[in-house]
Amino acid sequence: MATTTSSFVFVKSHTSPFCLTKTLFTNIDGFGHGIGTRRSYRVIKAQSQSGVRKEQVVIVGAGIAGLATALSLHRLGVQSLVLEQAESLRTGGTSLTLFKNGWRVLDAIGVANDLRTQFLEIQGMVVNSEDGRELRAFNFKQEDESQEVRAVERRVLLETLAGQLPKETIKFSSQLAKIEATSDGDTLLELVDGSKLLAKTVIGCDGIRSPIAKWMGFPEPKYVGHCAFRGLASYSDGQPFRPRVNYIYGRGLRAGFVPVSPTKVYWFICFNSPSPGPKITDSLVLKNQAKELVKDWPSELLNIVDSTPDDTVIKTPLVDRWLWPAISPGASAGRVVVVGDAWHPMTPNLGQGACCALEDSVVLAKKLAGAIKSEDPSVEEAFRSYGAERWPRVFPLTIRANLVGSALQWENPVVCSVRNNIVIPKLVRLGPLLEHTNFTCESL
């Protein structure tokens, strides 16, 4: 979302007969982080209002989940309006890894082949210790012949998805200021510019710090105890690396890099920290901090960081949200639903955040399109069905990603020695660890 400070307001009414007792007030900073919270919303009596634009399906957020959902619906003959608070596509960030489940979805919505021509297929992975010793190497195809792994630039993925949507689908500079539910189940959205939309259906794809999710009663994602520096190195004369994921494990510190294309290499450095620390926007400072962490590690990694344009280096705290049964809110509330990071933010340790968002988008689109086109449509039931189908998939993956990250961030020297000399070289089998990438998705 856009990097401007804003307020997101939910008004409580004591006089309306349609009032609910739940209130929500949230201040949102530049990255969608909630600053202050007092939670509630009101249900207002449905009435005709001049100057209110009516829409059947409104998607909040033009990230991966939002654009994939919009495109999936478009393929199924359902139009939507995507609200994005930034002035243009948020093409910042670095790269993300897509396994075969992500590619199955991209195939289904008709954009996979355009992306395949731009990004290298990764053949395998190698794990090294911080002193440069190789601990284990794997070949993806030997573990699973159907596996497909590529690192994709976020910018290119977003532009590709957006390029397949009808003109005027995305409405930029459209930041939510207020949301109200009407007595007939519609949702009134007011933007910071004062314009209003009355939506039959709202799909929250507004990221980790989702105001829609907060309105639905979800807690803030929880910091897991480590942060990551990320960057995208550029080699104008061609990058020199084999097409495989390279991991380096230390004590409370790990790093990795993977070729993205013939000229670009994505890298990360993950480190333990009791708190996320202060927000730093100076990319050169971030780059120097990242290099300082691994200054005694193999020079290959340092050279990659040095080859990175300063403005591509970012630092992010890793967070997730565990969707406990019977405790956490459902994926939907009436005709409002959340998708991807807005619902189930997870740490990147399994490379499944974007993949699961893509899965969500196509599953939801099929159910919603079916409900809209049926003679007796029930969007609420379609959303409940989506939540029931997706929860058993995303909740275990969120937990597994968290546990894997915790194990890889161990600091105890004895434990790290056992990991590096016994567990990884002799016990780990990659095939079972990749079973979560199995996902069937028919073309839309």
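Let's start with the hairpin: β17 and β18 form one, with two residues between them. Helices and strands here are DSSP runs numbered from the N terminus, with at least four residues (H or I) for a helix and at least two (E) for a strand. This is a predicted model, where local features need pLDDT of at least 70, side-chain atom pairs count only at pLDDT 80 or more, and totals for chains, interfaces and linings use all residues. Residues are numbered from 1 along each chain as its sequence is written, and side-chain values use heavy atoms, leaving out hydrogens and water.

Strand β17, residues 253–261, runs antiparallel to strand β18, residues 264–272, and eight bridges join them. Two strands pair if DSSP finds at least two bridges between them. If you want landmarks on screen, find alanine 255, which stands opposite isoleucine 269 in β18, and phenylalanine 257, which stands opposite tryptophan 267 in β18.

By buried I mean under 20% relative accessible area; exposed is over 50%, and partly exposed is in between, with a 1.4 Å probe and protein chains only.

Let's zoom out to the sheet. Seven strands form an open, mixed sheet, in the order β9-β8-β16-β17-β18-β15-β19. At the edges sit β9 (134–139) and β19 (314–320), each pairing on one side only. From one strand to the next, the twist averages 20°; axes are lines fitted to C-alpha atoms, for helices over the stretch in contact, and angles run from 0 to 180 degrees between N-to-C directions.

Which helix lies across β8, β9 and β16? That is α11, residues 413–427, running at about 15° to β9. Contact, by the way, means heavy atoms within 4.5 Å.

On to the aromatics. Rings of Phe, Tyr and Trp (its six-membered ring) pair if their centres lie within 6.5 Å; planes under 30 degrees apart count as stacked, over 60 as edge-to-face and the rest as tilted. The count by this rule is ten aromatic pairs. One of them is phenylalanine 229 with phenylalanine 271, stacked at 5.4 Å centre to centre with 20° between the planes. That pair links distant parts of the chain, 42 residues apart: phenylalanine 229 is in β15 (residues 222–234) and phenylalanine 271 in β18. Both phenylalanine 229 and phenylalanine 271 are buried.

Tryptophan 322 and tryptophan 324 give us a tilted pair, 5.6 Å centre to centre and 50° between the planes. Tryptophan 322 is partly exposed, at 27% relative accessible area, and tryptophan 324 is partly exposed too, at 41%. Together with Trp391 and Phe395, Trp322 and Trp324 form one aromatic cluster.

Last stop, lysine 100, in helix α2 (residues 100–108). Is lysine 100 buried or exposed? Buried, because its relative accessible area is 6%. Its side chain makes a polar contact of 2.7 Å with the side chain of serine 146, and lysine 100 has another side-chain polar contact, with asparagine 438, at 2.7 Å. A polar contact is a pair of N or O atoms within 3.5 Å; within protein, one must be able to donate a hydrogen and the other to accept it, and residues adjacent in sequence count only if both atoms are side-chain atoms.
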